[in-house]
Amino acid sequence: MANSGTTRVLLSAVLCLLLSFARIDCQELPVYQLYLHQPSLINPAIIGSKECTELMLIDRHQWIGAFKGAPKTQVLSAESSFSSKDSRSHGLGLQVVNDANGAYKQLTASLGYAFHISLNREGSLRLGFGLMATVYQSIYDETDFSRINDPIVHHGVEKEIKPDVSSGVYLYSDRFFVGFSGVQLLASNSYLNPHRGERGYFAYGGYNHPVSRGLIFQPGLTIKYLSEQIQSDLNARVTYRESYWAMLSYRHVWDEIPGHPNSLLIYAGLFYKNFSFAYGYDLGLTSMQKYGYGSHEFKVGYHFCSFENPCPAYK
């Protein structure tokens, strides 16, 4: 049985999720699109579910060639797992996100904690609860608007700092994983970004199916409730000998039945010794695609675990 401190952590995580249902609406922030590289970006309960320390750098360039000042996002993260007993473990994570979209820029720092418990004697089935505290610094720079003669343009730099919290639960084993999370739960109003004061929810799951020796097929599904509409990502990943992988993800927006296609994401990556590398191409399926060359993502990671005994995330 968990001690009283652990119980308080579990109750706090669940209570935070339950109370957050008071209001459900959200505009997707660009960083949430990177969860296929780093799932803990949408669910802090995933922190510490891998049996190694992990450093990761992600760089995303959106709508390349479409217009000047197209969105760019960089993520630097560090996560680690600490075991207190065989049936319990803890995860700590730090995430720094830099996002630039024209005159609007946002720098985010997040500190996350997750508690994991085994649900069976073998320890093959585990449940995680996670909390993430975040501080946003938003900057709106109008100094380049010198040629615009409009009374609402101040030609200066406006800044604001806002705190926020996210929470999640995560059930996983070597064969499957499923999680639910809520982000931006404080719903702090922002005069620079009106969507910063709105909540969002994610349901995320998948199954590892061995096809042959060394080859694993992982179908997955992510449901996102954002800005009073539902988005779904249908994912299919293939991993070969725990060293090479490729993924195809189809995104659909359900603003109305039957909805409409949004994008097709193609990923490929490899693990070499303690390093991991990945590239992703986001092909838009909307009219916006004809104005640019899609979106590109690059990831480099370093893992403090040997290649002979890779992290469970490689499976």
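A contact here means heavy atoms within 4.5 Å. This is a predicted model, in which local features need pLDDT of at least 70 and side-chain atom pairs count only at pLDDT 80 or more, while totals for chains, interfaces and linings use all residues. Residues are numbered from 1 along each chain as its sequence is written, and side-chain values use heavy atoms, with hydrogens and water left out.

View 1. Lys 105 sits in strand 4; helices (H or I, at least four residues) and strands (E, at least two) are DSSP runs, numbered from the N terminus. Skip the residues up to four places away in sequence, and Lys 105 touches Asp 99, Ala 100, Gln 137, Ser 138 and Ile 139. Tyr 140 is 35 residues from Lys 105 in sequence, yet their C-alpha atoms are 6.4 Å apart. Is Lys 105 buried, partly exposed or exposed? Its relative accessible area is 35%, so Lys 105 counts as partly exposed; buried means under 20%, exposed over 50%, and partly exposed in between (1.4 Å probe, protein chains only).

View 2. With 7% relative accessibility, Ser 110 is buried. Leaving out neighbours within four places in sequence, its contacts are Gly 93, Leu 94, Gln 95, Met 132, Ala 133 and Thr 134. Leu 41 is 69 residues away along the chain, and its C-alpha lies 9.8 Å from that of Ser 110.

**View 3. Two loop residues with positive phi.** Most residues other than glycine have a negative phi. Arg 241 isn't a glycine, but its phi is positive at about 55°. You'll find Arg 241 in the loop between strand 11 (229–240) and strand 12 (244–254), and it counts as exposed because its relative accessibility is 58%. Lys 273, also not a glycine, has a positive phi of about 55°. Its loop runs between strand 13 (260–272) and strand 14 (275–284).

View 4. On a 1 Å grid over the protein atoms alone, a cavity is a set of points where a 1.4 Å probe fits but cannot get out, and lining residues have an atom within 4 Å of a point. The lining is made up of Ile 46, Gly 48, Ser 49, Lys 50, Cys 52, Glu 54, Glu 79, Ser 80 and Ser 81. Strand 2 (residues 72–85) gives the most to it, with three residues.

View 5. pLDDT is the predictor's confidence in each residue, from 0 to 100. Its mean for the protein is 82, and 76% of the residues reach 70 or more. Confidence is highest in strand 7 (residues 176–183), at a mean of 96, and lowest in helix 1 (residues 4–19), at 45. Over residues 1–27 the pLDDT is below 50, and this stretch has 53 contacts in the model beyond near neighbours in sequence. Residues 306–310 also stay under 50, with six contacts beyond four places in sequence.

Notes:
1 Å grid on protein atoms, 1.4 Å probe; cavity = no way out; pocket = protein on both sides within 12 Å on 5 of 7 lines; lining within 4 Å.
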